[in-house]
Amino acid sequence: MKTLTADRRMIKIAMEAPYLERDEEHALAQAWRNDHDQEARNKIAMSHMRLVISMAAKFRNFGLPMGDLVQEGHIGLLEAAARFEPSREVRFSTYATWWIRASMQDYVLRNWSIVRGGTSSAQKALFFNLRRLRARLAQGDRQLTSQAMHEEIAAALGVSIADVQTMDARLSGSDTSLQAPVGGADSDGGERLDFLASDAPLPDEQVSDMIDGERARVWLRDALGALTEREMRIIRARRLAEDGATLEELGLDLGISKERVRQIETRALEKLRVALATKAPALTAGIH
């Protein structure tokens, strides 16, 4: 009740603020620009608060408090007053409209849903125009399917059909808590979180993979022990290092030709295949 009263008082003050004539507006803007007269800037802003109220009413369908929308619009209005350049010979209301709308749109995007969306200019245009375009298409003579509507909206706004479908689904429903009980507040059916499928392996699969991985590492370590020092050096540099060395680099390092390095590497890999063939046939498939 207090919030409603405060909103009405704010609207009343805004609507009672006097209009500024063009010459007076220009003089106040000059006073702010040249002399940093705060009172002049505030007077310009207050005289245009009715513009903020009018624009805030256009965003009421997003379910956010009118008072908060007006406050955000006021911030945009003050920003416009601070940046306004009277030398451009443009009325302040024309310039301020952009700042007020941008401030309100940013507030709506931050608070309409806990899921952040509409970060690009195309996504913002889709968020704020989807309902309007959908309603216009629905009122036409043609009986369009949802798919056809999405295609026309995507073409009109320059976004993908998938983006339109995703945004339409988001605007069609509100956020739902994962802790919300399934079947109502008095139900013992568990929470929504309990019914989400996980892509992670099952616990027994995780343990099995861990055991198999450790066993494979032991087998590989034993197989590497069958290599000579030079073979081990080449295999480590070529196969086990994050950035594998080239044949030419190893040839220069070892004082042999790159063809000889290739021959030694081939022989070492064959030794590893033989050593692992009886213990882990699956591992030999990856040695080439």
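Among the contacts in the chain (heavy atoms within 4.5 Å) between residues at least 6 apart in sequence, 52% join residues at least 24 apart. This is a predicted model, in which local features need pLDDT of at least 70 and side-chain atom pairs count only at pLDDT 80 or more, while totals for chains, interfaces and linings use all residues. Residues are numbered from 1 along each chain as its sequence is written, and side-chain values use heavy atoms, with hydrogens and water left out.

Switching to a surface view, the accessible surface comes to about 18,700 Å², of which 53% belongs to carbon and sulfur atoms, as computed by the Shrake-Rupley method with a 1.4 Å probe. Of the 288 residues, 31% count as buried, a term that stands for under 20% relative accessible area, with exposed over 50% and partly exposed in between (1.4 Å probe, protein chains only).

Next, select residues 229–240, which make up helix H11, and show the side chains of its buried residues, Glu 231, Met 232, Ile 234 and Ile 235. Seen down the axis of H11, these buried residues fall within an arc of 165°, so they line one face of the helix; the arc is that of the directions from the helix axis to the C-beta atoms.

Now move to the aromatic residues, where the structure holds 4 aromatic pairs, counted when ring centres of Phe, Tyr and Trp (its six-membered ring) lie within 6.5 Å, with planes under 30 degrees apart called stacked, over 60 edge-to-face and the rest tilted. Select Phe 84 and Tyr 95, whose ring centres are 5.7 Å apart with planes at 50°, so the pair is tilted. Phe 84 lies in the loop between helix H5 (66–83) and helix H6 (92–111), and Tyr 95 in helix H6, so the pair ties together parts that are 11 residues apart in sequence. Phe 84 is buried at 5% relative accessibility, whereas Tyr 95 is partly exposed at 26%.

Conventions
Helices (H or I, at least four residues) and strands (E, at least two) are DSSP runs, numbered from the N terminus.
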